[in-house]
2 protein chains.
Amino acid sequence: MNSTYFTRRTIRKYAQRDIDSDLLERLLTAGTRASTTGNMQIYSIIVTRDQEMKKRLAPAHFNQPMVTEAPVMLTFCADFNRFNLWCRQREAEPGYDNFMSFMTAAIDSLLAAQTICNAAEEEGLGICYLGTATYNADRIIEVLELPLGVVPVATVTLGWPAQVPEQPDRLPLEAVVHYEKYHDFTPDLIDSLYREKEARTDSQQFIAANGKETLAQVFTDVRYKKADNEYFSGKFLEVIRRQGFTF
Amino acid sequence: MNSTYFTRRTIRKYAQRDIDSDLLERLLTAGTRASTTGNMQIYSIIVTRDQEMKKRLAPAHFNQPMVTEAPVMLTFCADFNRFNLWCRQREAEPGYDNFMSFMTAAIDSLLAAQTICNAAEEEGLGICYLGTATYNADRIIEVLELPLGVVPVATVTLGWPAQVPEQPDRLPLEAVVHYEKYHDFTPDLIDSLYREKEARTDSQQFIAANGKETLAQVFTDVRYKKADNEYFSGKFLEVIRRQGFTF
């Protein structure tokens with residue numbers, strides 16, 4: 001397999017260089033060849049290239065500079081709208097207004113998204129996923145004029161890298177891979193799996209900069225706080241239901 | 001980008017040939033290099049190679065023959081268990097028992113899953129996603145002994161292709177790609193986007209074999225019925241909540 005899988009890193013700074021429309025179309029086509037449930041293709045991809053649209057979307061993404069600096073932004077949506085329209089036009093009554101249908105469409109979207117990212121990186125492009133797509137789905141729906149049946153699940157910025165940051169660490173493979181059955185973690189194993197991560201200079205700086213005692217506290221108390229998670233949970237659940245997936 | 005993105009098809013028949021452990025480990029490593037929220041790696045991958053385990057998992061996957069015939073099966077799970085254990089061991093109180101945290105972990109899992117699939121296909125392997133991972137998550141949890149905080153979201157069978165089926169059709173790119181804003185579909189546009197699909201010989205055979213009038217009815221009345229979707233919605237919601245993500 002190509003080496004990009006192993007050398008990749010998220011790119012947040014992009015060169016002032018556009019992405020050729022032919023290349024973009026090839027990437028999108030590659031995405032549509034990804035696995036899709038029952039070949040229903042229950043997703044859509046909204047391409048943002050227009051600077052005005054990027055500015056309108058920026059607040060939904062907490063004004064992260066990538067949004068206005070990247071030449072292309074892709075918003076991947078779970079989408080039963082087109083499929084439902086087709087069904088109704090063909091004397092078929094769709095039954096996709098439920099949680100499982102939302103999940104299935106979300107999975108479809110993410111497989112297409114990641115295929116496009118893998119293909120883009122093989123071409124030398126850099127990508128960055130914005131978690132804000134689910135946090136502020138309501139605002140994105142408004143700006144992109146998404147109809148009933150459509151829910152954003154991932155946004156990716158795409159462009160030519162202007163810098164190649166250090167590759168981030170990953171936990172040892174044993175932290176995420178289990179053979180045959182899930183082997184739960186003893187305190188000693190947790191210590192050993194996280195030892196290297198915790199000893200890194202950047203982790204130490206991260207702890208100090210946030211005035212915390214442990215790296216884990218930077219996650220629980222600063223970056224991904226319970227109150228925020230609960231707030232965005234409520235908001236996203238409301239969006240999913242309002243878009244027609246009831247439960 | 002490599003041509004596999006465009007020539008790929010789902011493989012459901014595998015040769016009697018194992019997957020080398022080194023190759024499998026390289027694929028899993030590639031997966032762990034995929035984007036992950038805040039570098040938390042909130043997913044796990046359960047590898048099934050043992051024939052007994054495949055047999056025990058088969059009913060959860062409606063006894064589809066791929067499950068026992070593929071040399072390797074991978075179950076991708078949203079996983080906050082390891083992360084929560086680490087937090088608690090480091091005087092940090094995790095706040096990840098909610099819907100947004102489940103979604104974030106599910107997204108992480110699917111990006112790793114699809115990266116492994118793309119890398120595997122580049123190596124000549126064939127893959128098949130089993131939608132049953134979410135349908136029968138309760139049974140999978142039992143067999144794989146998944147603890148609280150862990151929910152299966154995708155299962156993939158992996159092996160060397162024993163056949164190369166015809167490549168399935170896809171809708172024209174305009175069906176899934178929208179530029180700048182979502183352009184909703186007129187009845188004429190729906191007709192034109194689905195014309196080729198509906199005219200295919202296999203679609204016609206599909207309609208006849210199921211005693212239906214339109215291809216859409218095969219989906220709504222046979223393959224993805226409202227009653228089934230609702231049943232599996234309820235079951236999956238219960239599983240997510242029981243595994244500790246409450247909402």
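In this predicted model, strand β1 (residues 43-48) of chain A runs parallel to strand β5 (residues 177-179) of chain B, and three bridges join them. Looking at one of the residues involved, Val47(A) has Tyr179(B) as its bridge partner in β5(B). Strands of a sheet pair through backbone hydrogen bonds, either parallel or antiparallel.

A strand from chain A also turns up in a sheet with strands of chain B. This is an open sheet of five strands, ordered β5(A)-β1(B)-β2(B)-β4(B)-β3(B), and its pairing is mixed. At the edges sit β5 (177-179) of chain A and β3 (126-130) of chain B, each of which pairs on one side only. Going from one strand to the next, the twist averages 25 degrees. Within the sheet, β1 (residues 43-48) and β2 (residues 72-79) of chain B pair in the antiparallel sense, with six bridges between them. Here Ile46(B) of the pairing stands opposite Thr75(B) in β2(B).

Two helices of chain B pack on this sheet. Helix α6(B) touches β1, β2, β3 and β4 (150-159) of chain B, and its direction makes about 155 degrees with that of β2(B). Helix α8 (residues 137-144) of chain B, for its part, touches β1, β2 and β4 of chain B, with its direction at about 80 degrees to that of β4(B).

Helix α6 (residues 99-122) of chain B also packs with helix α2 (residues 21-32) of chain B; the angle is about 135 degrees and the axes are 8 Å apart. That angle is why α2(B) counts as oblique to α6(B). The crossing of the two is right-handed. On the α2(B) side the contact is made by Leu27(B), Leu28(B), Ala30(B), Gly31(B) and Thr32(B), and on the α6(B) side by Ala112(B), Thr115(B), Ile116(B), Ala119(B) and Ala120(B). Sorted by class, that contact has seven nonpolar and three polar residues, with no charged ones.

As for the interface as a whole, 96 residues of chain B are in contact with 95 residues of chain A. Helix α6(B) turns up again here, giving 13 residues, the largest share of the side of chain B that touches chain A. By class, that side has 50 nonpolar, 27 polar and 19 charged residues.

Helix α5 (residues 81-89) of chain B is mostly covered, with seven of its nine residues buried. The buried ones are Asn81(B), Arg82(B), Phe83(B), Asn84(B), Leu85(B), Trp86(B) and Cys87(B). They pack against elements of both chains: α9 (187-199) and α11 (215-223) of chain A, together with β2 and β4 of chain B. Just after α5(B) comes Glu91(B), which takes a positive phi of about 55 degrees.

One more residue deserves a mention, Lys54(B), which lies in helix α3 (residues 51-57) of chain B. Lys54(B) counts as buried because it has 20 C-beta neighbours inside 10 Å. Leaving out residues up to four places away in sequence, Lys54(B) touches Thr48(B), Val67(B), Thr68(B) and Met73(B). Asp221(B) is another matter: 167 residues separate it from Lys54(B) in sequence, and the two are 31 Å apart in space, C-alpha to C-alpha.

How values were computed
Residues are numbered from 1 along each chain as its sequence is written. Chains are lettered from A and ligands numbered from 1 in the order in which they are written. This is a predicted model: local features need pLDDT of at least 70, side-chain atom pairs count only at pLDDT 80 or more; totals for chains, interfaces and linings use all residues. Axes are lines fitted to C-alpha atoms, for helices over the stretch in contact, and angles run from 0 to 180 degrees between N-to-C directions. Helices (H or I, at least four residues) and strands (E, at least two) are DSSP runs, numbered from the N terminus. Angles under 35 degrees count as roughly parallel, over 145 as roughly antiparallel, 65 to 115 as roughly perpendicular and the rest as oblique. A crossing is left-handed if the near helix is turned anticlockwise from the far one by less than a right angle, and right-handed if clockwise. Two residues are in contact if their C-beta atoms, placed from the backbone, lie within 7 Å. Ala, Val, Leu, Ile, Met, Phe, Trp, Tyr, Cys and Pro count as nonpolar, Asp, Glu, Lys and Arg as charged, and the others, Gly among them, as polar. A residue is buried if 20 or more other C-beta atoms lie within 10 Å of its own, exposed if 12 or fewer, and partly exposed in between; C-beta atoms are placed from the backbone. Two strands pair if DSSP finds at least two bridges between them.
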